[in-house]
Amino acid sequence: MVTVDQVWEALAEIPDPEIPVISLVDLGVVKGVTIDDGTVHVDFTPTFMGCPALDTMRSAMESKIAELGGNPDIHVRLDDSWSTDDITAEGREKLRTAGFAPPTPRPAGRMELVQLQHGFRCPYCGSTNTRLENLFGPTPCRSIRYCDDCRQPFEQFKTL
Amino acid sequence: MSDRTELLLSLADDELILGWRNSEWTGIAPFLEEDVAFSSIAQNEIGHARALYELAARELGTTADELAFDREPEEYRSAPLVELRRLEWARTIARHWLYETADEIRLEALKASADSELAGLAAKIDREEAYHRMHAEMWIDRLLATDEGRARLDEAVDELWPYALGVLNDELRPGLRARAEARLGRALPDVEAVPRGVHEAELAELWEEMTSVRRSAPAGARW
């Protein structure tokens, strides 16, 4: 009989479909796992609602659970229960190593453009002489920044 | 149909149709950054529509896809503002800013709702919309900075203003007027709102294109 620990271990092996250096568990999208008579309930909270990777994540979780002999039941939350603050410390380090600036902490009040313009660290050279090029990037979770020291554009995980 | 479902469908239809309109800039925006921005905004809006349709679908015993694609054009509850096809940059920015400002007011009200499911989803959507608002506001700053920009923005806002009022119910409209007038530093025309329920002719064209793939496989293809 499959155990909760085995499920967590298996889910930690599933890479984010768009940023494969980090796993679903690093990303903080798995809120809970419970097992009830062979049915594995996963409480899953989406990142960005328009992220095309969500369906892939869901089917990857179902396959992993089925491989363990469980009957998967993925519950998708439609609420404000995911924040980039839920990305683990290990996940942040993996992002940085892969050339992504990790997200900054969620601000207490509303986010203002001025907070995003300057002061972010370049994941390549470590300089903070960087600027916002585009709030939007190739996926819903990314902004584009540019480092004025090493002249390298890089991607920033948006704070949510 | 319950008032709640009516509300969910009007929100979802706005986001779906506007998402579709925004996606029309993919590949042809004035410069690459805006091509990326409008494509990404479109993706977010359609994601919000999907979540809203899912809540409505639970009540109606159907699916998000059926609600999005299997209704007739006249059954959509979208506001005419999002239906307009305006592939001209000043009007695109004016519509984007007016819609995001109205949407913020609407989301603030929903976040305070006693319906925890609706309030929770509104809070999630609002966090993503914050990026759309920052993008729209950046453009308003840019346009207000020059005489030509201001003139083009003013003309576009005046044209779209009755439509913008129509996004919100009577109760929320004064809030939109106050915010928009404060931001532009001028009074906006005293006009009747173009309400939901009467569709722009452009919606039928959009619908033809948007639903064509699904209609081509009525038995329900899997992709």
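1. Of the 160 residues in chain A, 37% are buried. The model is predicted. The C-alpha trace of chain A spans about 55 × 30 × 25 Å along its principal axes. Among contacts in chain A between residues at least 6 apart in sequence, those joining residues at least 24 apart make up 53%.

2. Chain A contains five helices and seven strands. Read from the N terminus, its elements follow the pattern α-α-β-β-α-β-α-β-α-β-β-β.

3. Three strands of chain A form an open sheet in the order β1-β2-β3, and the pairing is mixed. At the edges stand β1 (30-36) and β3 (71-76) of chain A, each of which pairs on one side only. On average, neighbouring strands of this sheet are turned by 20 degrees against each other, direction ignored.

4. In which sense do β2(A) and β3(A) pair? Strand β2 of chain A, residues 39-44, pairs with β3(A) in the parallel sense, and the pairing extends over six bridges. For a place to look in the model, take His41(A), which stands opposite Asp73(A) in β3(A).

5. Two helices of chain A lie across strands of this sheet. Helix α1 (residues 4-11) of chain A lies across β1 and β2 of chain A, and its direction is at about 140 degrees to β1(A). Helix α3 (residues 53-67) of chain A lies across β2 and β3 of chain A, running at about 155 degrees to β3(A).

6. Two loop residues of chain A deserve a look at their backbone angles. Asp37(A) is found in the loop between β1 and β2 of chain A. Its phi is near 55 degrees, a positive value in a residue other than glycine. Is Asp37(A) buried or exposed? Asp37(A) has 6 other C-beta atoms within 10 Å, so it is exposed, the cut-off for that class being 12 or fewer.

7. The second residue is Arg151(A), in the loop between β6 (142-147) and β7 (153-157) of chain A. Phi of Arg151(A) is near 60 degrees, which is again a positive value in a residue other than glycine. Arg151(A) counts as exposed because 10 other C-beta atoms lie within 10 Å.

8. Chain A also touches chain B. Here 17 residues of chain A are in contact with 25 residues of chain B. On the side of chain A that touches chain B, the residues divide into 10 nonpolar, three polar and four charged.

9. Within chain B, one helix pair can be described in some detail. Two packed helices are described by the angle between their axes and the distance between the axes. Helix α5 (residues 89-111) of chain B packs against helix α8 (residues 173-184) of chain B at an angle of about 130 degrees, and their axes are 10 Å apart. Because of that angle, α5(B) is oblique to α8(B). The crossing in which α5(B) passes α8(B) is right-handed.

10. Which residues of α5(B) meet α8(B)? On the α5(B) side they are Leu98(B), Thr101(B), Ala102(B) and Ile105(B). They meet Gly175(B), Leu176(B), Arg179(B) and Ala180(B) in α8(B). Sorted by class, this contact of α5(B) with α8(B) has five nonpolar, two polar and one charged residues.

Conventions: Residues numbered from 1 in each chain as written. Chains lettered and ligands numbered in written order. Predicted model: local features only at pLDDT ≥ 70, side-chain atom pairs only at ≥ 80, totals over all residues. Pairing = 2+ DSSP bridges. Helix = DSSP H or I, 4+ residues; strand = E, 2+ residues; numbered from the N terminus. Axes fitted to C-alpha atoms, helices over the stretch in contact; angles between N-to-C directions. Contact = placed C-beta atoms within 7 Å. Nonpolar A, V, L, I, M, F, W, Y, C, P; charged D, E, K, R; others polar. Parallel < 35°, antiparallel > 145°, perpendicular 65-115°, else oblique. Left-handed = near helix turned anticlockwise from the far one by under 90°. Buried ≥ 20, exposed ≤ 12 C-beta atoms within 10 Å, placed from the backbone.
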